[in-house]
Amino acid sequence: LPPPPPSPPAHRLLGHALQIPNPADPDAPHADVRFAEWAKQYGKVFCVEFPFIPRLIVCSDPGLARYVTVTRNFPKSPTYAKLLPLIGDQSMLVAEGPAWAAKRRAF
């Protein structure tokens, strides 16, 4: 197997969980802001890890994301449902189809 994409430094047990803003805090920035910062630093495709959730590959390249979600129509992993308490249900990371497209245009 090829090596995984780059990843921001992570806590050994908690992964990147402590680096994601709390979605319940109305004053906290949205989790997608953190993902955008990481994309600038680690490239358009990078990995994140959370407790009890396998490695997630985040793609911030619109063309590649379109290919994966529309052209090939690969479904998102059921693992994403486990992220809802951490990043909220409004994140572009968990959106699919037209909802994802609308969020991507806005972002």
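Biologist: Before we start, what are the ground rules?

Modeller: It's a predicted model, so local features need pLDDT of at least 70 and side-chain atom pairs count only at pLDDT 80 or more, while totals for chains, interfaces and linings use all residues. Residues are numbered from 1 along each chain as its sequence is written, and side-chain values use heavy atoms, with hydrogens and water left out.

Biologist: Okay, why is tryptophan 38 called buried?

Modeller: Buried means under 20% relative accessible area, exposed means over 50%, and partly exposed is in between (1.4 Å probe, protein chains only). Tryptophan 38 has 5% relative accessibility, so tryptophan 38 counts as buried. Phenylalanine 46 is at 0%, so phenylalanine 46 is buried too.

Biologist: What makes the rings of phenylalanine 35 and tryptophan 38 an edge-to-face pair?

Modeller: Rings of Phe, Tyr and Trp (its six-membered ring) pair if their centres lie within 6.5 Å; planes under 30 degrees apart count as stacked, over 60 as edge-to-face and the rest as tilted. There are two aromatic pairs by this rule. For phenylalanine 35 and tryptophan 38, the centres are 5.9 Å apart and the planes sit at 65 degrees, so the pair is edge-to-face. Both residues lie in helix H1, three residues apart, about one turn of the helix. Helices (H or I, at least four residues) and strands (E, at least two) are DSSP runs, numbered from the N terminus.

Biologist: And what about tryptophan 38 and phenylalanine 46?

Modeller: Their ring centres are 6.3 Å apart and the planes are at 80 degrees, so that pair is edge-to-face as well. Ring pairs link Phe35, Trp38 and Phe46 into a cluster.

Biologist: Which residues touch the most other members of the largest nonpolar core?

Modeller: Phe35, Val48, Phe50 and Leu83, out of 17 residues in that core. Helix H1 (31-42), strand E1 (45-50) and strand E2 (53-59) each supply at least two residues, and H1 gives the most, with four. A nonpolar core is a set of buried Ala, Val, Leu, Ile, Met, Phe, Trp, Tyr and Cys residues joined through side-chain atoms within 4.5 Å.

Biologist: How do you know that cysteine 47 is in no disulfide?

Modeller: A disulfide is a pair of cysteine sulfur atoms within 2.5 Å, and the structure holds zero of them. The nearest cysteine sulfur to that of cysteine 47 belongs to cysteine 59, and that one is 12 Å away. Cysteine 47 is at 1% relative accessibility, so cysteine 47 counts as buried, whereas cysteine 59, at 29%, is partly exposed.

Biologist: How do E1 and E2 run, and how many bridges join them?

Modeller: They run antiparallel, with five bridges; two strands pair if DSSP finds at least two bridges between them. The bridge partner of cysteine 47 in E2 is isoleucine 57.

Biologist: What makes arginine 34 and glutamate 37 a salt bridge?

Modeller: A salt bridge is a side-chain nitrogen of Lys or Arg within 4 Å of a carboxyl oxygen of Asp or Glu. In this pair, the closest N and O atoms are 3.1 Å apart. The whole structure has three salt bridges. Glutamate 49 forms another with arginine 55, at 3.7 Å between the closest N and O atoms.

Biologist: Where does lysine 44 meet a partner?

Modeller: Its side chain meets that of aspartate 61 in a salt bridge (3.5 Å, N to O). Lysine 44 lies in the loop between H1 and E1 and aspartate 61 in the loop between E2 and helix H2 (62-71), so the pair ties together parts that are 17 residues apart in sequence.
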